[in-house]
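Here is a short tour for someone who likes to know the cut-offs behind each term. Please keep the sequence and the 3D view open while reading.

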Amino acid sequence: MRRLPSGTVTLVFTDIAGSTRLLEQLGEHYADALAEHRRLLRATFEGHGGVEVDTQGDAFFVAFEKASDALAAAVDAQIALAVQGPIRARIGIHTGEPALTDEGYVGIDVHRAARIAAAGHGAQILLSQSTRQLVDHGALRDLGEHRLKDVGLLRLYQVGDETFAPLKTLSQMNLPLPPTPLVGRKRELADLLRLLRAERTRLVTIVGPGGIGKTRLALEAGAELVTAFEDGASFVDLSAVRDPELVQPTIAGALGIGGELVDHLRERELLLVLDNLEQVVDVAPDIARLLDACTRLAVLATSREPLRLRAELEYPIRPLAEAPAAELFRQRARAIEPEFDADYQRLAALCDRLDRIPLAIELAAARVKILSTDELLSRLDRRLPLLTGGARDAPERQRTLRATIEWSYELLEEDERRLFAQLAVFVGGWTVKGAEEVCEARLDTLQSLVDKNLARRENGRFRMLETIREYALERFEESDEAEQLRSRHAEHFFALALRAEPEVTGAEQHLWLDRLAADYENLRATFEWYAATPGGAAKGLRLASALVLFWFNRSLFRDGLHWLERMLAEAEDDATVARAGALWGAGLLWALVGDEERAAPRLEQGLALAHRLGDDTNIARSLEVLGLLAFFENDVRRARDLLEEGAEVARRAGDHWGLADALGTLGSIYPLQGEFDRADTVGTEARAIGRKYGDRQGIRMANFGLALTAARRGWLSAARSLSEEGLAICREIGDLWFVSYFLWILATTAVESGDYEAARAHADESLKIARELEGPLLVVCALDAKAAVARVEGDDEAAQGHLAEAAEIGGSQIVPHSYLASVLRGLGELAAARGDLTEAEACFETSLARARGVDDPWAAARAIASQATLADARNERQLARALARDALALQRQIGDQLGAVESLERLASIAIHDDEMEDGARLLGATSALRERLGAPLPSWQRRGLQEVEDLARHALGEAGYEASARQGSELSVEHAAREYFGSASRSE
């Protein structure tokens, strides 16, 4: 291929006019005709020096160095095509300076040439003024300025005096020019272009609520499709028409034709854009007849409800996605206030409150001259008074959001208006059953509101956009049935909560938790009703007691406490089982947010009342939470006693949820005291109970204790498997508290397994959730995991920051000392690494004191082992050896295999430093093999120190001697390696 010309270039585009109709006419002969068409054009263009840039389908893109050559080629091509036969091409010519790249030409001049060609008709040659100025051709006809899609106004000229239909430009097609660019509808626009251009759908109706952007999208689609239809596209505004009989005359008037509409459209290939059909939907049969008679006609309609025709493809549009909504606000605000700026999160929050409806966003943006984004947000509890003052050139119904919604409301029948207002009693949505029971709704009336986009069906539920609901609520408050409906609404959701109460501990608990979550705003409204209604406090208290496990599982601790405490105060004289349950619930949630001063009194009150009532279920549950609280306060002996008593009472009461929870909680405390076998026993029982009843919460609680036990044993694979199962359950039931917990275990086991990328992801998510829940224990655990990740990645500074924060939280809030001991040990290791041995010693001593204070041999052994490393660093070999042996003995006793391996590594280092090279080499061989079996590679920050002592042993023993000793050690188990060490140590002593 010849090299493409550069600099000032004349570009020629051609394509076949009416190719679809031609294909239908020629049938199997079309391929031969197209091949001859291509041959003829190629020969003509090449004969005039043209270089073919691209060919797609029936279109050519050719470049010429001279404008005169391009024009001559175009004229000769049209003459040759006229002789050839039925194929007629339209040709566009434009001269400019496109950029030349390896892929061809790029730039606005390419788009101009393509748009010029697309505006023409078969056998027509069009050229731009830039080309006209470079050619000497007498037969050029000035067609005036034309607005072309995306490239603006161009003066166009036609070769010859032949009369053609008006150009297919926006200027000729009666398509209004939108004043602003389309934002955030790329997918929707692509869908419409595919439906109308590629699939040739005859009738597409864009449906959606007022202000959603139907007209703007239709205009954009129409502008894009002007050249896809032989006779272009035309826009007809029907918003002022109320009588269906006037629709066809209005269309005829917009098209500038008289007589029967069907006669003028019968042979035309035209896209008709009909805007605002909702108030004249009864014209639908006329549109159907028009489409039947005019087989080349296509209609793109906009309406707040579909036409319900067989030929219709309904295309609903939704509110904007978050990012486009924020960008739309930013653009509109800057058009009013050029210096406007706001961060993305504030804009996203603002747009969410506006339901991400384009009209609402534009109206709110109009207020930025006098209100900041924060001030706008604070005023959006009542949107309609704020969202006024739209552009003066907008239709009246679009100058305020109220007018837009009112337009839809006025088109409703009386029964539809009544139900529309009644449905405002629901907050956050409703079900069919809810609408029927509370509003006595008829299905066809509800369906009609959905069809008219005043209500939406999503995931089996219905809801109104909040902007629409605000208007409906005004109509509701004006009615004389508001009080009665609110009462029925409260009774409906009271019954739902009581029905759900036993189910949230059963096999379908995840479904019932989801149902309660879906209707949580309605449940809140029910609380408000009971609190404000004389005599409603008792039901409010019963409702609160029924929702305790929902709040617990969905980590809605603060919200649950708000309603529990409010209802306990409202029903202060109540002495029922409901009050005992509410007191237990309040105690549980206060404990989880770390407020033991409020938790304990509520639990004691609930326990005393449950004893008076003989209510074993609430006795058991209160004992269990008092045990948990004692554990948080580091009174582990009392914690165990209370939990064990609670488990027995739950067993007696037949409370399978309480029993599984108590056993599972014990299963998470026993491993902190080195009782791994006992932890496995109670955890296994709790797991079996959970599986028997399908209680995912019971399985989750059991898995946590079992996973913690496995992790403390050094059984990393088992810990990971149990945690992954527990995590999946928690995500299913929405339990964020234990999501964070399981992610913490997964992060720590991933660090020990050498999977640092997974460890980082788990630790990050664990901490994010922990901070959101404001759980001190969760935050401390997650920070400890984050520090471990930072340490293995070589970022000791970040690790120090995480652990320092964890230590501060642990020192000021209720965090069990077993967990705090790990944090303090980590701080000591960092201090030792930077050479601050005094600080390291203090941290290790405090860690050991915390561990011994709660009888935690695992944490105590780890602290002692760290003290051994410190003594070794100070060349206090005898002390180092004694401490490491003490740690190892304790780890062997409780079964901490990974801890024992680490202690053996310390002893190996001490032995080599004391010239016990063969013993040290055997221990290093043993620990290397043991780490491989446990799936726990040596952490990077420990590798350097151990490599140094290994090198000393290799140098002393020689490679062969070292390898022989290490090979002997590699065959040993943890127990055999420990026994051998103690034996050799005794002999050396």
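In which sense do β11 and strand β12 pair, and over how many bridges? The two pair in the parallel sense, over 5 bridges. This is a predicted model, in which local features need pLDDT of at least 70 and side-chain atom pairs count only at pLDDT 80 or more, while totals for chains, interfaces and linings use all residues. Residues are numbered from 1 along each chain as its sequence is written, and side-chain values use heavy atoms, with hydrogens and water left out.

**How elements are named and paired**

- Helices (H or I, at least four residues) and strands (E, at least two) are DSSP runs, numbered from the N terminus.
- Two strands count as paired if DSSP finds at least two bridges between them.

**The parallel sheet and its helices**

- The order β11-β12-β13-β10-β14 describes an open sheet of 5 strands with parallel pairing.
- Its edge strands, each pairing on one side only, are β11 (233-237) and β14 (312-316).
- On average, neighbouring strands of this sheet are turned by 20 degrees against each other, direction ignored.
- Angles here run from 0 to 180 degrees between N-to-C directions, and axes are lines fitted to C-alpha atoms, for helices over the stretch in contact.
- Helix α7 (residues 214-225) lies across β10, β11, β12 and β13, and runs at about 160 degrees to β13.

**An antiparallel hairpin**

- Strands β8 (residues 140-148) and β9 (residues 152-159) run antiparallel and are joined by 8 bridges.
- One of the residues involved is D142, whose bridge partner in β9 is Y157.
- The hairpin has 3 residues between its strands, and D150 in the turn has a positive phi of about 75 degrees.

**A helix pair**

- Helix α34 (residues 736-753) packs with helix α36 (residues 776-792) at an angle of about 25 degrees, and their axes are 9 Å apart.
- The two helices are therefore roughly parallel to each other; angles under 35 degrees count as roughly parallel, over 145 as roughly antiparallel, 65 to 115 as roughly perpendicular and the rest as oblique.
- Their crossing is left-handed, meaning that the near helix is turned anticlockwise from the far one by less than a right angle.
- Residues of α34 in this contact include W737, Y741 and W744, and they meet residues of α36 including L777, C781 and A785.
- The contact residues divide into 13 nonpolar, 2 polar and no charged; Ala, Val, Leu, Ile, Met, Phe, Trp, Tyr, Cys and Pro count as nonpolar, Asp, Glu, Lys and Arg as charged, and the others, Gly among them, as polar.

**Single residues to look up**

- A782 is found in helix α36, and A782 is buried, with a relative accessible area of 0%.
- Buried means under 20% relative accessible area, exposed over 50% and partly exposed in between (1.4 Å probe, protein chains only).
- Leaving aside residues up to four places away in sequence, A782 touches W744, S766 and L767.
- N453 lies in the loop between α18 (443-451) and β15 (456-458), has a positive phi near 60 degrees, and counts as buried at 11% relative accessibility.
- E774, in the loop between α35 (756-773) and α36, has a positive phi near 55 degrees and counts as partly exposed at 47% relative accessibility.

Notes:
Contact = heavy atoms within 4.5 Å.
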